[in-house]
Amino acid sequence: MESKRFVGSGSPHIKDNTCTKRIMLDVIISLIPAFIAGTILFGIRVIPVVLLSILSAVVSEVVYNLLSKKPFKQAVDIDLTSVVTGLLIGLSFNVKVAWFVPILASIFAIIVVKMIFGGTGNNIVNPALAGRCFVFISFLGLSTAYVSGGWVDPNGITVGATPLANILESGSLYNIGISKLDLFLGRNLAGCIGETSKIAILIGYIYLSIRKVIDFKWPLIYLATTGLFTVALNGFDFRWFMPSILSGGLMFVAVFMATDYVTTPNTGWGNTVYFISLGLVTAGLRMACQMEVVTFAVLLMNIIVPLIDKWIVPKPFGTIKKQIMPPKETQK
Amino acid sequence: MAKVNLKTFHKGIHCDDNKHITRDKPIEKMPLVDDYFVSLSQHIGAPSVAVVEKGDTVNEGQLIAKEGGNVSANIFSPVCGQVIGTEQRLNKFGVPANYIHIKRSEGQVATLPDIDKRDAIAIKERIALAGIVGLGGAGFPTHIKISPKKPVDTLIINAAECEPYLTCDYRLMIETTDDIITGAKLLAKSLNVSKIIVGIEENKLEAYQLLQKYSDIKTVLLKKKYPQGGEKQLIFAVSGRKVPAKGLPMDVGVVVQNVATCKAVFDACIKNKPLYERVITVSGLGVNNPKNLLVRVGTPYAKILEYCGGIKDETVKLISGGPMMGVALIDTTGVVSKTDSGLIAMTEEEASLVQPSPCISCGRCAASCPMNLMPMYIDFYTQAGDYTTSIKYGVEHCIECGCCSYVCPAKRALVQSIKLCKAKLKEKN
C-alpha cells in the first residue's frame with residue numbers, strides 16, 4: 001500500500017454540525033415573522049427600511065475589512081452576524097423613519113461598536129442596540145417630531161406616543177383604550193416595525209428555543225422580573241403585569257437582543273444573575289424616566305457582563321464540601 | 001425489557017455513536033505478518049528495558065523487555081522469531097521512540113508458570129509479571145492501580161465504551177462474558193473487595209443482559225452520553241461518589257478497570273498467557289471491510305488496513321483510538337500498542353476539517369464540560385500567553401474529553417489550547 005498522507009490535528013476528530021453561520025441563519029429565520037407582521041401592520045415601506053439597514057450593515061463590514069487590508073476573499077466572506085445586526089436595526093425603527101437614520105445606525109453599529117473592537121465576538125455591547133441608541137440620542141430633536149426611536153402612530157394621523165408611553169405618562173392603564181389582545185397582536189398600535197406584533201416575536205422565540213439557539217429560560221426570566229418589579233413599584237397592583245411585558249420594545253429586545261451570545265455571561269448562574277438584574281434595571285428605569293428605556297437598560301447591563309463572568313466561575317467537578325463516602329448502599 | 005432508571009453524570013454531550021458499523025462483527029483473529037515492531041513505551045511511566053539483543057531467537061510470549069522503573073510494565077514477544085534489533089521509529093505522536101524489531105519465524109509458544117494458589121499477592125504478582133496495563137487507553141500499569149494506598153471497598157468495571165465507533169469492548173463482553181467476569185473477580189480478590197459494579201451504556205443492551213445473569217456482581221445501565229466512560233464521570237454515575245478535584249478514585253474507595261483489562265487478567269492468571277495481543281476496532285467510512293480484530297502488539301497499521309480491504313481514496317483522516325480522544329496519524333507507518341482500541345479511517349463526511357473562526361461566547365463549551373470548567377476563557381488566556389489566569393477557569397482539572405471542541409459552533413481548537421496551557425504550566429513548575 002502506498003504511504004498516503006492524512007490530515008493531522010488534535011482531538012476530537014468529529015464535531016457537531018452546527019456552526020456560527022448556521023446559528024446566525026437561525027436568528028434571521030426567527031426574525032422573519034416579525035418582519036412579515038411589520039409589513040402587514042405598517043405597509044410596504046417597511047421593506048426598504050429593513051433592506052437598507054441590512055445592506056448598510058453588510059457594506060460597512062466589507063468596507064472596513066477592505067480598509068484594514070484584508071485579502072478580498074476574506075473581506076467578503078462575512079459570517080451572517082452583520083446581516084442579523086442590520087435586520088435588528090431595521091426592525092427597531094418606526095416605519096416613517098427618515099431614510100438616513102437606519103443607515104447611520106447600521107454604520108455606527110458595525111464600524112464603531114463591532115469592527116473597531118475586533119469584529120465578531122469582540123464587541124462589548126450589542127451592536128444593534130448601540131446603533132439604535134446612537135441615532136436616538138443624535139436625532140433627539142428630530143425624533144420628537146416623528147420619533148425615530150419608534151414611538152409614533154403608524155398612520156401619521158396623530159403623532160403620539162406608544163401605549164407604553166401613555167401608560168407611563170398617565171400613571172394609569174385604564175384610560176389608554178387598548179386591550180391586551182390588541183397589545184399582543186399589535187393591532188391599531190403605534191410602535192416600531194418589529195416590536196409591535198408580540199405574536200410574531202413569540203413565533204421567533206419558539207423557533208429559537210426549539211433550535212436551541214437560545215435557552216428558553218432567559219427571555220422568560222427577564223420578562224417575569226420586569227413585570228413583577230413593575231408590579232412591586234406600583235404598590236403590588238397586578239394589573240400592571242401584562243401591559244408592562246407586552247408593551248414597548250421589551251419582548252423584542254428580550255428575545256432577540258438581550259440574548260445575544262457575545263454580550264451575555266457564559267454560565268447558567270451568570271445568566272440568571274444577568275437577566276434578573278436586567279429585569280430590575282428595566283422596570284426601575286422605566287418607572288423613573290417615564291419612558292421606554294429597554295435599549296439603555298440592556299446597554300448598561302452589557303457593560304457589566306465581563307464582571308459577572310469574572311465573579312461567577314463554576315467550581316470544577318469534585319470540588320465539594322461534604323463527601324458522601326461510603327454511601328449506605330455500599331457499606332455491606 | 002422493564003424500564004430501568006438510567007444513571008449518568010452532569011453535562012457532557014450526545015453524539016452519533018456510529019457503532020453500527022462494527023457492532024455485529026465477531027472478533028476475527030488477524031493472520032500473522034512478517035515483521036513486528038514492539039514499542040518499549042506502551043504505557044504511562046518509564047519505558048521498559050530490553051532484555052533481548054540483536055540476533056536473539058525469541059518465542060511467542062517470551063519476555064523481551066522488563067519494567068524500567070516504579071511505574072512501568074513488562075513486554076512480551078508477540079510472535080516467534082528473530083530480533084533484528086532495536087530501532088528508532090516515530091511513534092503516533094511523531095516523537096522518536098525505541099522499538100524492538102522482530103522478524104517472524106517458526107517456534108514454540110512460551111507460557112507463564114501455573115499459579116499454585118490464587119490469593120491476593122499471587123494475583124498481583126502475576127498481573128505485574130504479565131505486563132498488564134489499563135487497556136482502555138490510558139495505559140496505566142494495572143499492578144500499581146490495584147495496590148492503592150487508601151482503603152478501597154468497590155471495584156468498578158468500565159464497560160461504558162462511550163467513544164463513538166469503538167466496539168472492541170462490546171464484542172469482548174458478548175463473546176467472552178465468563179472470562180471477563182472471572183477476570184473481574186480475580187481483580188476484586190487482589191484488592192480484597194467484595195463489591196463489583198459494572199457500568200455499561202444503554203446502547204449495549206445485549207451485553208447488559210448477558211452480564212445480568214451473574215448474581216454476585218451488580219450491573220448498572222448508564223445513559224448513552226459522552227464521556228460516560230471517563231473515570232470520574234463513571235464513578236459518579238455508578239456509585240454517586242465524587243472523586244475530589246485533583247484526586248484519584250481511591251480517595252473515594254474505588255478502583256476502576258476496563259473490561260479488556262479484565263480479559264487480560266483472566267488470560268494471565270488462568271491461561272498463563274502474558275499480554276501481547278488485544279482487540280481493536282477497525283472502522284470508519286474510509287475502511288472497505290470494517291472489523292473487530294484480535295491483533296498482536298507491534299503489528300504495523302498498514303498491514304491491518306490491508307487485511308481490512310484497504311482504505312478508500314476519500315479517506316482524509318486516520319485515527320488511532322476513538323474519534324473523541326484518539327490521535328490523528330499522518331501516515332500508516334505506526335504499529336499497534338497495548339493501549340490502542342481502534343483504528344478509524346474517516347472520510348471528509350465524518351471528520352471535521354473546518355477552520356476555526358472567532359469565539360462568539362455562546363457558552364456551549366461551558367454548558368457541555370463534564371468537569372464544569374470554562375474552556376472559552378482557558379482558550380482566550382492561553383492564546384494571550386497568560387497561562388496562570390487559565391488556572392482560575394479550571395485548566396488543571398481538564399480531562400481532555402473533547403466535549404467543548406465538539407460542540408463549539410466556531411470550531412475552535414479548545415482542547416489543543418488546554419493541552420498547550422497544561423504543558424506550559426508544567427514547564428513553569
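Reply: In this predicted model, 40 residues of chain A are in contact with 69 residues of chain B, two residues being in contact if their C-beta atoms, placed from the backbone, lie within 7 Å. By class, the side of chain A that touches chain B has 18 nonpolar, 16 polar and six charged residues; Ala, Val, Leu, Ile, Met, Phe, Trp, Tyr, Cys and Pro count as nonpolar, Asp, Glu, Lys and Arg as charged, and the others, Gly among them, as polar. Residues are numbered from 1 along each chain as its sequence is written, while chains are lettered from A and ligands numbered from 1 in the order in which they are written. Because the model is predicted, local features need pLDDT of at least 70 and side-chain atom pairs count only at pLDDT 80 or more, whereas totals for chains, interfaces and linings use all residues.

Tyr261(A) touches Ile360(B), Ser361(B) and Cys362(B), leaving aside residues up to four places away in sequence. Tyr261(A) lies in the loop between helix 13 and helix 14 (268–289) of chain A; helices (H or I, at least four residues) and strands (E, at least two) are DSSP runs, numbered from the N terminus. With 20 C-beta neighbours inside 10 Å, Tyr261(A) counts as buried (20 or more other C-beta atoms within 10 Å of its own; exposed means 12 or fewer, and partly exposed in between). Val213(A) is 48 residues from Tyr261(A) in sequence, with a C-alpha to C-alpha separation of 9.4 Å.

Helix 13 (residues 250–257) of chain A packs with helix 10 (residues 198–210) of chain A at an angle of about 15°, their axes 10 Å apart. Axes are lines fitted to C-alpha atoms, for helices over the stretch in contact, and angles run from 0 to 180 degrees between N-to-C directions. Helix 10 of chain A is therefore roughly parallel to helix 13 of chain A, a term for angles under 35 degrees. Lys198(A), Ile201(A), Gly204(A) and Tyr205(A) in helix 10 of chain A meet Met251(A), Phe252(A), Val255(A) and Phe256(A) in helix 13 of chain A. By class, this contact has six nonpolar, one polar and one charged residues.

In chain B, six of the six residues of strand 9 (residues 154–159) are buried, so strand 9 of chain B is largely enclosed by the rest of the structure. Strand 9 of chain B pairs in the parallel sense with strand 10 (residues 195–201) of chain B over six bridges, where pairing requires at least two DSSP bridges.

Notes: Parallel < 35°, antiparallel > 145°, perpendicular 65-115°, else oblique.
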